[in-house]
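Let's walk through this structure together, one region at a time. Keep the sequence and the 3D view side by side as you read.

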Amino acid sequence: MKKYSSLKEIQSLISQKQLTLPDLLAYYFKQIKDNEHLNAFNEVFFYTAEVQAKAVQQKIEAGTAGKLAGMVIGIKDNICYKDHEVTASSKMLEGFISPYSATVVERLLQEDAVIIGRLNCDEFAMGGSNETSFYGAVRNAANHELVPGGSSGGSAVAVQADMCLSALGTDTGGSVRQPAAFCGQIGLKPTYGRISRYGVIAYASSFDQVGPITSSVEDAAILLQVLAGSDDHDSTASALTVPDYPAHLNETKKQKIAVLKETIESEALDPEIKTAILKSIADLQAQGHTVEYVSFDLLDYLVPAYYILTTAEASSNLSRYDGVHYGHRNMEAKSLNELYKLSRAEGFGEEVKRRILLGTFVLSAGYYDAYYQKAQQVRRLIREKMDQLFEEYDFVLSPVAPTAAFKIGDNVQDALVMYMADIFTVLPSLSGNPAIALPLGNNEANLPLSIQFTAKHFEEDKLLAFSQAFLK
């Protein structure tokens, strides 16, 4: 069986009776088994996926199947699925069975997707390389010595290595886009609030956003249409009407694109990525698009502002894991205070502890105004500057990451180096804009390269249509 790159292709073969959904699922199970060394899955849902596949196959034959019938999808291990374990790849939640499903899971199932398993990620989605997981590092299928990116590394590798058709990740500061870039896939971060966060284990609540990782723009559009929309369980989910994203995909018009000059001229940017992006810019101009370089003088403040705000929110969100309500509990503690300390010390990994401590520090008396308050002001300036850019331009172009995938172990010991790898992805996260990572061929070492486009709030329809044209 060959690799399928789109839902449309699978649905066509099923309708022609050249393929059945149970057969397709069996193929993906074999792919997972053959690629165990990549460590992409924390758990495969053999039984429930088989039951779903048989039921959806019957619906297809009866003509009553939903939009996602034929899609076998994996979910990041921080998305709740009723009666299934969810751990956020942390010892803290080992063995925790979710009593309810996330809104995104319910919407996948309503449209007859088959959920094949939960995917490895950085612990509590904190990391840029998928090395902080309690279950060990995920490996890039392009080169097993390299990271897949993070935190949704398992999601990206599962699609890259053909272990499922698509996957859901979560993007706080680039955690869908960067792993998609490192693995040569398409990674979409929708506008903040476009998709409900209900049932997604929180890292930083004003940043977290669920997004799809796919091999085709069309599948990203179909998934976004199913997942987007208001939700009574999440007050931050937008009530704006959800467009028919797939219907807009073939719309083509000449666009005005701003290139963030400082990102292309950055000394941190790998020369091969720069060359590939400059070629893309020339191609866009040759196609009749207007491409202009603009200055973004707040670039140096992006990473500091992002980490101050996200660690502050993390320290608040993770305070619930105390060994009392749920989560890992130390059994030798002699007092309540000791129980809290030992349970959290044993349950959390080093990177999570680092971010909790950073967040507690910036929220503490005497430092709140100097750090947290100031970072919020910077975030407001960034949002205003992006809004000004989108008054004149349709899209903003920049790299996704400064380098291609790096070696496992190279950066994990140096937090500052790892954090600076987010320099190009945190901008849309701070401003809340939708952004997409698109593959840009491979470098001389045959590693995937990528490019990022950012759009105006809630203009994913235009972003997806442009992406479709860009990749043709």
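**Helices that cross**

Helix H11 and helix H14 (residues 368-392) cross at roughly 125°, and their axes come within 9 Å. That makes H11 oblique to H14, and H11 passes H14 in a left-handed crossing. A word on the terms: helices (H or I, at least four residues) and strands (E, at least two) are DSSP runs, numbered from the N terminus. Axes are lines fitted to C-alpha atoms, for helices over the stretch in contact, with angles running from 0 to 180 degrees between N-to-C directions. Angles under 35 degrees count as roughly parallel, over 145 as roughly antiparallel, 65 to 115 as roughly perpendicular, and the rest as oblique. A crossing is left-handed if the near helix is turned anticlockwise from the far one by less than a right angle, and right-handed if clockwise.

Before going further, please note that this is a predicted model, in which local features need pLDDT of at least 70, side-chain atom pairs count only at pLDDT 80 or more, and totals for chains, interfaces and linings use all residues. Residues are numbered from 1 along each chain as its sequence is written, and side-chain values use heavy atoms, with hydrogens and water left out.

Now turn to helix H4 (residues 103-110) and helix H7 (residues 217-227), which pack at an angle of about 110° with axes 9 Å apart. H4 is therefore roughly perpendicular to H7, and H4 passes H7 in a right-handed crossing. How many residues of H7 are buried? The count is 11 of 11, so H7 is mostly covered, where buried means under 20% relative accessible area, exposed over 50%, and partly exposed in between (1.4 Å probe, protein chains only). Just after H7, Gly229 takes a positive phi of about 120°.

The C-alpha atoms of Gly229 and Gly359 are separated by 31 Å, and the two residues are 130 apart along the chain. Gly359 is found in helix H13 (residues 350-363) and counts as buried because its relative accessibility is 0%.

**Charged pairs**

Side chains of opposite charge can pair when their charged atoms come close. A search of the whole structure finds 17 salt bridges, each a side-chain nitrogen of Lys or Arg within 4 Å of a carboxyl oxygen of Asp or Glu. One of them joins Asp112 to Lys59, with the closest N and O atoms 3.0 Å apart. Asp112 lies in the loop between H4 and strand S3 (114-119) and Lys59 in helix H3 (residues 46-62), so this pair ties together parts that are 53 residues apart in sequence. Asp112 counts as buried because its relative accessibility is 5%, whereas Lys59, at 33%, counts as partly exposed.

Lys407 forms another salt bridge, with Glu145, at 3.8 Å between the closest N and O atoms. Here Lys407 sits in the loop between strand S9 (395-398) and helix H15 (415-420), and Glu145 in the loop between S3 and helix H5 (153-160), 262 residues apart.

To finish, look at Val324 in the loop between helix H11 (299-317) and helix H12 (336-347). Val324 is partly exposed because its relative accessibility is 34%.
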